[in-house]
Amino acid sequence: MSDGPRKPTRIETTAKRRQQILEAAIMCFLETGYHQTGVRDIANRAGVSLGNLYNHFPGKHDVLVEIAALERSELVPFIDGLAQSRAPMKLLENFVKAYAKYLAVPENVILGLEITSEAIRKPDIARLFLDNRNALVTALTKVLERGTHAGDMRSQLAPKETAQMIVELIEGSAYRSVLDNVPMRQLRGSLLAFILAAVRPD
């Protein structure tokens, strides 16, 4: 005979409350900006006391550290996709489409801009997000190296620098999409065509 619904464990309750606070912080950052958001704003949005919030995050800085970990998990599918044993050009095409689609969500771009502005002032925050970016660039670099060795891509290609520029081009297009209020889907075709033309053999 069942004793009724299982009560969540202390660990589960803590994790849920931590996630609740993190989501509230992200919404505050998106709506009013990182610097305009106070810890009390986050607590109010999350529906918790200041003391409860401080039990999970000593300050806004610690929230950014958690967001960096969240971003890393969101980049895993892109990194795993680039590690597949498919033709390099196809992997590159799939990556550009998928990453552009991910950045087509304005919230992802706006939060990225908020984080970048703080990372400029805080080297430890910058390092966390740069490590995430470097993991993505490294995975893409390996694809470009495979492409040049197989003759599918230009032999003069500098894989690491090219990978960096491709990621920056996609992200820059996403920033423009938000600023100009132009849907990313309208830019994806030209973006993909430009990148593929740039790496193809002459």
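Trainee: Over residues 15-75, what are the helix and strand percentages, and how far apart are the end C-alpha atoms?

Mentor: Before that, keep in mind that this is a predicted model, where local features need pLDDT of at least 70, side-chain atom pairs count only at pLDDT 80 or more, and totals for chains, interfaces and linings use all residues. Residues are numbered from 1 along each chain as its sequence is written, and side-chain values use heavy atoms, with hydrogens and water left out. Helices (H or I, at least four residues) and strands (E, at least two) are DSSP runs numbered from the N terminus. On that basis, residues 15-75 are 80% helix and 0% strand, with the end C-alpha atoms 22 Å apart.

Trainee: Which UniProt feature sits at residues 15-75?

Mentor: UniProt positions are given in the numbering used here, with feature names shortened, and annotations may be inferred rather than shown by experiment. The entry is unreviewed, and what it places at residues 15-75 is "domain: HTH tetR-type".

Trainee: What share of the contacts with a separation of 6 or more comes from residues 24 or more positions apart?

Mentor: Contact here means heavy atoms within 4.5 Å. Residues 24 or more positions apart account for a share of 70%.

Trainee: Is Asn 132 buried or exposed?

Mentor: Asn 132 belongs to helix α7 (residues 123-150). Buried means under 20% relative accessible area, exposed over 50%, and partly exposed in between (1.4 Å probe, protein chains only). Asn 132 has 3% relative accessibility, so it counts as buried.

Trainee: Which residue's side chain has a polar contact of 2.7 Å with the side chain of Asn 132?

Mentor: A polar contact is a pair of N or O atoms within 3.5 Å; within protein, one must be able to donate a hydrogen and the other to accept it, and residues adjacent in sequence count only if both atoms are side-chain atoms. Leaving aside neighbours within four places in sequence, Asn 132 touches Ala 68, Glu 71, Arg 72 and Leu 75. From Ala 68, the backbone oxygen lies 3.0 Å from a polar side-chain atom of Asn 132. The 2.7 Å side-chain partner is Glu 71.

Trainee: Which element gives the largest share of the lining of the largest pocket?

Mentor: On a 1 Å grid over the protein atoms alone, a pocket is an open set of points where a 1.4 Å probe fits, with protein on both sides within 12 Å along at least five of seven lines, and lining residues have an atom within 4 Å of a point. This one is lined by 27 residues, with Glu 71, Gly 112, Ile 115, Thr 116 and Phe 129 nearest its centre. Two or more lining residues come from each of α1, α4 (60-82), α5 (88-102), α6 (106-119), α7 and α8 (159-180). The largest share, nine residues, comes from α6.

Trainee: And how much space lies in the largest pocket?

Mentor: Grid points are joined across faces, edges and corners, and a volume is the space filled by probe spheres set on the points. For the largest pocket that comes to about 720 Å³.

Trainee: How much space lies in the second largest pocket?

Mentor: Its lining has 13 residues, and Ala 104, Pro 106, Ser 177, Val 182 and Pro 183 lie nearest the centre. The elements giving two or more residues to it are α6, α8 and α9 (184-199). The space in the second largest pocket is about 190 Å³.

Trainee: Last one: what is phi of Asn 181 near?

Mentor: Asn 181 lies in the loop between α8 and α9, and at 69% relative accessibility it counts as exposed. Most residues other than glycine have a negative phi. Phi of Asn 181 is positive, near 60°.
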